[in-house]
Amino acid sequence: MTIVMTKSQIDRLGERIRSGIVDSSTRRALDELYAAYAEVSEDTFKQLCQVLDSLGPLGESGLEPSAARRPTKTLDSIAAKLAREHARLSQMQDIIGCRVVVENRREQGILSGSLMITPQAREAHAALSRDLGVSEKIVAAILKRPFADASLDDRNARPSNGYRAVHIIVKDFGAPYEIQIRTELQNRWAQLSERLNDIYPGAKYGKGAAGVQSVLYDLSDRTDATERDYEATVASFEGDDVDYRFIVRHRARLDDAIEALERRYEEIEERYRL
Amino acid sequence: MIFLIAYDRKTQTLMQEVEVFDDSRRKDAYNRRLDVELALPAEAHRYEVVLLEAESREVIEQTHARYFFGVAELARSARADLNKMAERLRKQAEKRLTR
């Protein structure tokens, strides 16, 4: 890996962006940063694609997850984030990254667990190490994951302004690299939120048009509840003691929730149809 | 494949056709992105010039749908996803009932 910019150079660039100097020299300097990070970006994405290939289709649809790499972040997004979070540019974890869209929460868990040792897996490792009488290091070596220096940012548990997903921050290759793993519905919501933010600037961050925010929060909460209910319901069908009435009742209840969410989206479709 | 997208937030439109580079022309794609960005008027919060790499255009139309589709179309796609979810639920229930 060839990082051609030092941390202090990167932070000086960040200060220029933060103070609103967005002239061509700033843009060129930012482009040099992308070039410096290019190898990290390519290597990490390659590793991710290898994992996706080895997993194959994860769900019943038979479709493989969709993955797109983003080797650059727009200057506006960087400026907004620097202003919002008072962070330094060298500490920003998502200058380079990629997005993977999977079918549902179950697949989200499988994929994140295949890329790194998640906190849940770490607990399991500790238990396994106790049971086998070997060190946790040995257990981790046996159950190797491609990204050893990675942390999980569980936005399902801690959503921000309605945004939910699982993010993995990989630091194995030097510069931090953000892998966003979203379910189909989480991605639809995020895309809708971004597009509405273009129409009503600030809506994405809970500012601007109040009506838009409440619609987005409502959709996000309903999506979350429906997705969790879907996983729990499907898992409950596997129980030995479930009978016909149980299945019919649970399916009907979840069908109602799906329909209610669909109606919300239908209202939006009607409102914004050209 | 690498896709170069130039998007105008104010009008919510693509400013030009999506440019496509094969993987061997990565450097060209980076240079072209900067050229397109520098040619735009310096208006804060308005333009986005981004590179995305994926197997096909269909993939980025899903992962980064907001560049390609309006609010109504995005809402319609979400409804289609919900229909698929309901269908998967129906199949799971049927599978369990016939077990």
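This is a predicted model: local features need pLDDT of at least 70, side-chain atom pairs count only at pLDDT 80 or more; totals for chains, interfaces and linings use all residues.
Local features are given only at pLDDT of at least 70 and side-chain atom pairs only at pLDDT 80 or more, while totals for chains, interfaces and linings use all residues. Residues are numbered from 1 along each chain as its sequence is written, chains are lettered from A in the order in which they are written, and side-chain values use heavy atoms, without hydrogens and water.

**Exercise 1. Describe the make-up of chain A and the packing of its helix 1 on its helix 3.**

Begin with the elements, where helices (H or I, at least four residues) and strands (E, at least two) are DSSP runs numbered from the N terminus. Chain A has 9 helices and 5 strands, in the order α-α-β-α-β-α-α-α-β-β-β-α-α-α from the N terminus on.

Next take the geometry, for which axes are lines fitted to C-alpha atoms, for helices over the stretch in contact, and angles run from 0 to 180 degrees between N-to-C directions. In chain A, the axes of helix 1 (residues 7–18) and helix 3 lie 9 Å apart at an angle of about 90°. The two helices of chain A are therefore roughly perpendicular, a word used for 65 to 115 degrees, whereas angles under 35 count as roughly parallel, those over 145 as roughly antiparallel and the rest as oblique.

Finally list the contact (heavy atoms within 4.5 Å): helix 1 of chain A gives A:Gly14, A:Ile17 and A:Arg18, and helix 3 of chain A gives A:Leu75, A:Ile78, A:Ala79, A:Leu82 and A:Ala83.

**Exercise 2. Find how much area chain A and chain B bury between them, and which element gives the largest share of the side of chain A.**

The buried area, meaning the accessible area (1.4 Å probe) that two parts lose on being put together, summed over both, is about 5500 Å² for chain A and chain B, with 57% of it on carbon and sulfur atoms. Chain A brings 57 residues to this contact and chain B brings 53 residues.

Between the two chains there are 12 salt bridges, each a side-chain nitrogen of Lys or Arg within 4 Å of a carboxyl oxygen of Asp or Glu. One salt bridge joins B:Arg79 to A:Glu269, with the closest N and O atoms 2.7 Å apart.

On the side of chain A that touches chain B, helix 9 of chain A supplies the largest share, 13 residues.

**Exercise 3. Determine how helix 9 of chain A runs against helix 3 of chain B, and which elements hold A:Glu42 and B:Arg26.**

The axes of helix 9 (residues 244–272) of chain A and helix 3 (residues 71–97) of chain B come within 8 Å and cross at roughly 170°. That angle makes the two helices roughly antiparallel.

A:Glu42 and B:Arg26 form a salt bridge at 3.4 Å, N to O. A:Glu42 belongs to helix 2 of chain A and B:Arg26 to helix 1 (residues 26–39) of chain B, so this pair joins two chains.
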